Amino acid sequence: MTEPHPLSLKARGRDRRRLVVNKLAEASALTAALLAILVLGIVVWSVFSRGVAALNWDFFTKGPALFGQTGGGVAPALVGSLLLVGIATLMALPVGVLSAIYVSEFAPRRIGDQVRLWLDVLNGFPSIVIGIFVFALCVKVALPVVGWGHHQSAIAGAFALSIIMLPLVARATMEVLALVPNELRDASYALGVSKWQTVLRVVLPTSFGGILTGATLAVARAAGETAPLLFTCALAGQTIDWNPTHSVNSIPLTIFQYSEAPDESLHQQAWALAFVLIAFVLVTSLTARFLLDRSRRKLGAVR
């Protein structure tokens with residue numbers, strides 16, 4: 001039998017088995033990734049094909065049609081979701097960013113670890129539990145105290161969404177602040193700048209892109225939440241309403257209601273509205289990814 005050349009680089013024995021197993025692992029990972037993309041494509045196409053017939057200008061600009069009539073749109077749901085997510089962002093963004101700044105820049109390590117732990121726990125809370133909590137706290141207690149009565153409102157719904165957004169914003173901001181080089185802080189301290197001024201004028205501008213990324217991801221998460229709104233902002237009229245003290249329509253609840261309606265045209269509008277929501281989440285996620293990559297390149301250049 002011919003023995004292999006002593007200088008041959010061809011894998012043999014255990015090395016060959018390792019290469020085969022490595023190629024099988026790579027092929028399995030590639031197959032799984034392709035399957036995930038395929039599932040996403042099937043879902044998006046399925047939703048789009050069922051709702052494309054309802055996508056027109058009236059769909060985005062008009063309210064629901066009167067009983068027995070065809071056509072109409074979902075403008076109240078679009079406006080309501082914009083109002084809910086906007087108020088929730090105004091509530092969650094300052095608290096989340098300030099919490100992250102305290103943990104990353106000022107808090108002792110033991111306290112910082114505890115805050116991170118409880119933020120992670122809050123992030124894992126079921127959204128329906130948050131909705132029940134806000135219903136009991138705001139709709140039943142807080143809102144009647146200020147004279148708004150025992151009724152649902154956009155403020156209550158936004159407060160529930162802000163609780164969902166808070167840990168996302170805070171944890172994303174913490175991760176970005178950890179990427180800021182300590183050399184920038186040391187250089188600022190060497191110039192006699194105080195710590196809070198260093199955070200305000202050096203750290204935050206450097207990490208602004210990453211903070212915006214966390215906020216964008218939180219907005220995408222809040223826009224698709226349904227369970228909290230069932231208890232806090234579900235009993236609304238069919239007209240456009242910008243008053244935050246009133247209950248308003250929203251995209252997820254409208255999808256749920258239209259999907260159970262007997263009218264086939266409402267089913268088409270539900271599919272169309274679901275596609276709009278998917279497109280919004282997709283665009284915001286891609287925007288967040290772009291901002292995150294840009295922030296990382298900026299921080300890498302600073303390093």
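Let me start with how the chain is connected: taking contacts in the protein chain between residues at least 6 apart in sequence, 73% join residues at least 24 apart. Keep in mind that this is a predicted model.

The elements are quick to list. Of the 303 residues in the protein chain, 35% are buried. The accessible surface is about 17,900 Å², and carbon and sulfur atoms account for 68% of that.

Helix α3 covers residues 75-106, which is 32 residues. From its first C-alpha to its last it reaches 45 Å, close to the 46 Å expected at 1.5 Å a residue. There is a kink in α3, though, of about 25 degrees. The kink lies at A92, shortly before the proline P94.

Next, the surface. Which residues form the nonpolar patch? They are L117, W118, V121, F125, I128, V129 and I132, and together they have about 630 Å² of accessible area. Two helices, α4 at 109-123 and α5 at 127-145, each supply at least two residues of the patch. On spacing within a helix, one general point: an α-helix has 3.6 residues a turn, so residues three or four places apart point the same way.

Take I132 as one member of the patch. I132 sits in helix α5. Its relative accessibility is 43%, so I132 counts as partly exposed, because that class runs between the 20% limit for buried and the 50% limit for exposed.

Compare L119, which is in helix α4. Is L119 buried or exposed? L119 has a relative accessible area of 9%, so it is buried. What does L119 touch, leaving aside its neighbours within four places in sequence? The contacts are P167, A170, R171 and M174. For one of these, R171, the C-alpha atom is 7.5 Å from that of L119, although the two residues are 52 apart along the chain.

S207 is found between α8, residues 195-206, and α9, residues 208-223. S207 counts as buried because its relative accessibility is 0%. With neighbours within four places in sequence left aside, S207 is in contact with V176, L177 and V180.

Note on methods:
Residues are numbered from 1 along each chain as its sequence is written. This is a predicted model: local features need pLDDT of at least 70, side-chain atom pairs count only at pLDDT 80 or more; totals for chains, interfaces and linings use all residues. Side-chain values use heavy atoms; hydrogens and water are left out. Helices (H or I, at least four residues) and strands (E, at least two) are DSSP runs, numbered from the N terminus. The expected span of a helix is 1.5 Å times one less than its number of residues. The bend at a residue is the angle between axes fitted to the seven residues ending there and the seven starting there. Patches are made of residues with over 30% relative accessible area and no salt bridge: like charges are joined within 9 Å, nonpolar side chains (Val, Leu, Ile, Met, Phe, Trp, Tyr) within 5 Å. Accessible areas come from the Shrake-Rupley method with a 1.4 Å probe; for residues, only the protein chains shown count as cover. A salt bridge is a side-chain nitrogen of Lys or Arg within 4 Å of a carboxyl oxygen of Asp or Glu. Buried means under 20% relative accessible area, exposed over 50%, partly exposed in between (1.4 Å probe, protein chains only). Contact means heavy atoms within 4.5 Å.
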